[in-house]
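Thank you all for coming. I would like to walk you slowly through one structure today, so please have the sequence and the model in view.

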Amino acid sequence: MAPGLDRLTGKRVVITGASSGIGEATAVLFAREGARVALLSRREDALEEVAGRIRADGGTALVLPCDVSKEDQVQAAFARAEEAWGGLDTVVGVAGVELYDVGDDRVDRLDLSVWQQTIDINLTGMFLTLKYGVQALLRAGGGAIVVTGSPTGLYGIALGEDAYSAAKAGCHGLARVVANEVARDGIRVNIVVPGLIDTPINARFKENHPEDWAAVNSLVPMRRAGLAEEVATMNLWLCTDEASYATGGYFTVDGGWTAI
Ligand SMILES: NC(=O)c1ccc[n+]([C@@H]2O[C@H](COP(=O)([O-])OP(=O)(O)OC[C@H]3O[C@@H](n4cnc5c(N)ncnc54)[C@H](O)[C@@H]3O)[C@@H](O)[C@H]2O)c1
């Protein structure tokens, strides 16, 4: 792996959803830039694999298996990371699910159980991440938080993904009011809005509907899906001191998709 530029040296970071896709790419990049990273997601084996690669590269990673929709687990994970490093400076909330093809649907066909599961993980999970993240950053005297949003939370473009769209819109609203509330405490909160990114969350869509996948790719001005690493670099910038005046903003990484 290429050496980093130490842009996060000294930073103590919690990343949810760190076992794959955007969260994993963010963890690897942040560690390369000198941060100590606490990796949260449900699957311990997958987290150990990511942590192993980070440590082999000389980085510091803590594996904290946790379901972001469960308050006791989120609280315990943040407490362990804070205890291990004497505080936290940065939180990146990435964990999320998309139940496309397995229950998410147009509102008149949407089961309450699927709605609830999506809201529990994608919105309540982000609320709990912000709740314990903000508490820790207040104790540390400031820091940076990134919330992973989605174009589906801005526009009604994801037909048949009503629960997912609603959950992401909720994440945007929550992030913006929190950004306003904690700005004077030295905490910045921003929303990264990835467009169509080629990660495991889209595997089902890509495999079961290759023609639709190609059609969506062709709608993007850059005519391709993005890579997890291309979103991770935006997460990185927002968590460096270079982004010192950025808070409460939407930062799209989408090949121009939401520009049209
Ligand atoms: N890939 C895209 O096209 C795209 C576009 C816009 C937004 N997003 C958002 O980006 C984020 C990351 O998705 P990705 O594309 O990297 O997909 P991914 O499936 O690779 O990553 C999702 C991560 O969330 C974790 N996770 C899921 N449920 C969890 C739970 N209950 N508790 C803890 N961790 C849990 C998974 O283990 C995994 O680490 C998600 O919030 C997703 O909604 C993705």
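Predicted model: local features only at pLDDT ≥ 70, side-chain atom pairs only at ≥ 80, totals over all residues.

Let me begin with T16, which lies in strand β1, where helices (H or I, at least four residues) and strands (E, at least two) are DSSP runs numbered from the N terminus. Residues are numbered from 1 along each chain as its sequence is written, and side-chain values use heavy atoms, with hydrogens and water left out.

Is T16 buried or exposed? T16 is buried, at a relative accessible area of 2%, and here buried means under 20%, exposed over 50% and partly exposed in between, with a 1.4 Å probe and protein chains only. Although T16 and V91 are 75 residues apart along the chain, their C-alpha atoms are separated by 8.2 Å.

Now to the ligand. The shell around the ligand has 29 residues, of which S19, S20, I22, Y164 and T199 come nearest, a residue being near if one of its heavy atoms lies within 4 Å. Two helices, α1 (21–32) and α5 (162–182), each supply at least two residues of that shell.

Which atoms does the ligand meet in polar contacts, that is, pairs of N or O atoms within 3.5 Å? An oxygen atom of the ligand is 2.6 Å from an N or O atom in the side chain of S20. On the backbone side, a ligand oxygen is 2.8 Å from a polar atom of V94, and a ligand oxygen is 3.5 Å from a polar backbone atom of I201. The protein covers 95% of the 820 Å² of accessible area that the ligand has on its own, areas computed by the Shrake-Rupley method with a 1.4 Å probe.

Finally, a word on the backbone. Most residues other than glycine have a negative phi. D6, however, has a positive phi of about 60° although it is not a glycine; D6 is found in the segment before β1 (12–16) and is exposed, with a relative accessible area of 52%. Another positive value, near 75°, belongs to D101, which lies in the loop between β4 (90–93) and α4 (112–140), and D101 counts as partly exposed at 39% relative accessibility.

Notes
Polar contact = N/O pair within 3.5 Å; in protein donor to acceptor, adjacent residues only side chain to side chain.
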